[in-house]
Amino acid sequence: MTPHDDRMLLDTPFGSRVQAACELREWEPWKGYASPIAYEDMELEYFAVRNATGVFDLTPMTKYRIGGPDAAAFLNRLMTRDVGKIRPGRVGYAVWCNDAGMALDDGTLFHLSRGDYRLCAQERCLDWLLTSALGLDLTIIDETAEVAALAVQGPTSCAALRAMGLEGLEALRPFGLRHYPFDGGELMVSRTGFTGDLGYEVWVAPAHAEALWDALFAAGRNHLIRPMGNAALELARIEAGFIQAGVDFVPAEQVVRHGRARSPFELGLDWLVDFDKGHFTGRGALLRERAQGSRFRFLRLDVEGNKPASESFILNKRGETVGHATSAAWCPSAKRNVALASLEMPWGRPEDELYAEIYTSRELRWTRVEARCHIIDGPIWDPPRRRQTPAPDF
């Protein structure tokens with residue numbers, strides 16, 4: 001009996017391969033599935049995604065298939081961005097809100113073909129989607145269990161996939177889609193990911209999952225391919241400055257105490273709000289917020305020293321609490337001690353002097369440090385290869 005059987009967690013279609021590769025036998029639940037924290041060594045897995053290829057089983061990610069004559073209109077009303085600009089064969093990052101303009105979740109919207117979409121999200125939101133679709137001619141299906149997927153990320157990811165026989169993949173632009181025959185079925189490849197590096201996500205029916213794992217790792221052997229767990233992915237996404245629902249913000253439907261939800265403006269996602277496209281859920285509230293100002297500001301911070309500011313309060317120069325770190329890590333490739341933080345307005349201006357209140361424990365002794373923070377403008381990890389087309393052949 002494996003450790004996760006005791007907790008009644010499901011295996012993904014890659015389960016047999018994941019269990020064989022996971023030497024540490026350390027698992028955590030992800031939407032009812034057993035997901036490895038690390039396979040062998042978290043640092044080796046992190047450096048694989050920054051220097052070679054890391055492979056992450058992202059099958060448990062919530063996936064909804066949305067199709068029909070009114071699918072485009074529905075999604076454009078649901079989301080804050082203009083969905084009409086996401087052409088067939090393309091993928092778009094999106095956020096959606098409640099009527100109060102508070103973020104319910106963010107995710108990626110795949111425009112598979114005209115009138116046919118796949119929405120990938122962290123949270124389950126089928127009830128919200130179905131309620132929002134009343135009176136429209138479309139279907140919404142939870143296809144989480146019907147689609148197996150791997151994130152193939154890192155400098156040699158394109159080379160590894162090409163060695164598997166995916167010819168012409170180097171020409172795929174960021175947020176593009178391609179389809180290939182595979183194992184008697186079809187393999188969809190998107191140039192997407194959650195690591196801030198060159199990378200792809202590969203999508204296949206569960207019946208072909210094990211064949212995909214075997215073919216990928218055989219082809220990527222000379223490209224130093226390695227499976228990676230949640231801990232390595234978490235470090236990579238913090239280094240890239242990406243936010244995560246349930247970590248950096250509380251989805252609006254899950255908030256218990258008033259005022260704890262966040263709007264797209266308060267998450268630094270104002271670039272995803274398009275007021276010119278017409279009505280969408282939360283538009284009125286977001287227009288008022290734009291006119292009156294936001295309550296919070298979301299920042300990336302460079303924290304002095306090498307002690308991660310996890311769950312730290314952010315202080316001003318008078319020692320007053322003005323915010324908190326939502327995610328934090330020492331990022332080896334960026335060589336920076338990074339924190340993602342939510343601050344009360346008006347704090348977070350370039351001239352503000354900010355400190356992270358960090359507590360660390362060594363040999364049963366706690367130490368308190370006030371580490372100076374510097375605001376980071378722009379992505380923390382953003383190598384040219386991430387967008388380079390054709391993709392480099394390392």
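Two strands count as paired if DSSP finds at least two bridges between them. Strands (E, at least two residues) and helices (H or I, at least four) are DSSP runs, numbered from the N terminus. With that in hand, Thr53 has Ile225 in β13 as its bridge partner.

A quick word on what we're looking at: this is a predicted model, where local features need pLDDT of at least 70, side-chain atom pairs count only at pLDDT 80 or more, and totals for chains, interfaces and linings use all residues. Residues are numbered from 1 along each chain as its sequence is written, and side-chain values use heavy atoms, with hydrogens and water left out.

Contact, by the way, means heavy atoms within 4.5 Å.

**The barrel**

Another 6 strands close into a barrel, in the order β14-β17-β16-β15-β18-β19, and here the pairing is antiparallel. Ignoring direction, neighbouring strands are turned by 40 degrees against each other on average. Take β16 (residues 321–331) and β17 (residues 336–344): 8 bridges join them, and Ala325 stands opposite Ala341 in β17. Helix α7 (residues 230–240) lies across both β16 and β17, at about 120 degrees to β16.

Ser312 sits in the loop between β14 (296–303) and β15 (313–316). Leaving aside neighbours within four places in sequence, Ser312 is in contact with Gly323, His324, Ala325, Ala356, Glu357 and Ile358. The Ser312 side chain reaches the backbone oxygen of Glu357 at 3.1 Å. For scale, Ser312 and Val202 are 110 residues apart in sequence and 37 Å apart in space, C-alpha to C-alpha.

A nonpolar core is a set of buried Ala, Val, Leu, Ile, Met, Phe, Trp, Tyr and Cys residues joined through side-chain atoms within 4.5 Å. The largest has 39 residues, and Phe56, Leu58, Phe110, Trp203, Leu267 and Cys331 have the most contacts inside it. Elements supplying at least two residues each include α2, β9, α7, β16 and β17, with α7 giving the most, 5 residues. Cys331 is in contact with Leu235, Ile238, Glu239, Arg336 and Val338, leaving aside neighbours within four places in sequence. A second, separate core of 33 residues includes Cys22, Leu166, Leu169 and Phe182.

| Residue | Relative accessible area |
|---|---|
| Cys22 | 2% |
| Cys158 | 1% |
| Ser312 | 3% |

Finally, how many disulfides does a search of the whole structure find? The search turns up 0 disulfides, a disulfide being a pair of cysteine sulfur atoms within 2.5 Å.

Definitions and conventions:
Axes fitted to C-alpha atoms, helices over the stretch in contact; angles between N-to-C directions. Buried < 20%, exposed > 50% of the residue type's maximum accessible area, 1.4 Å probe, protein only. Polar contact = N/O pair within 3.5 Å; in protein donor to acceptor, adjacent residues only side chain to side chain.
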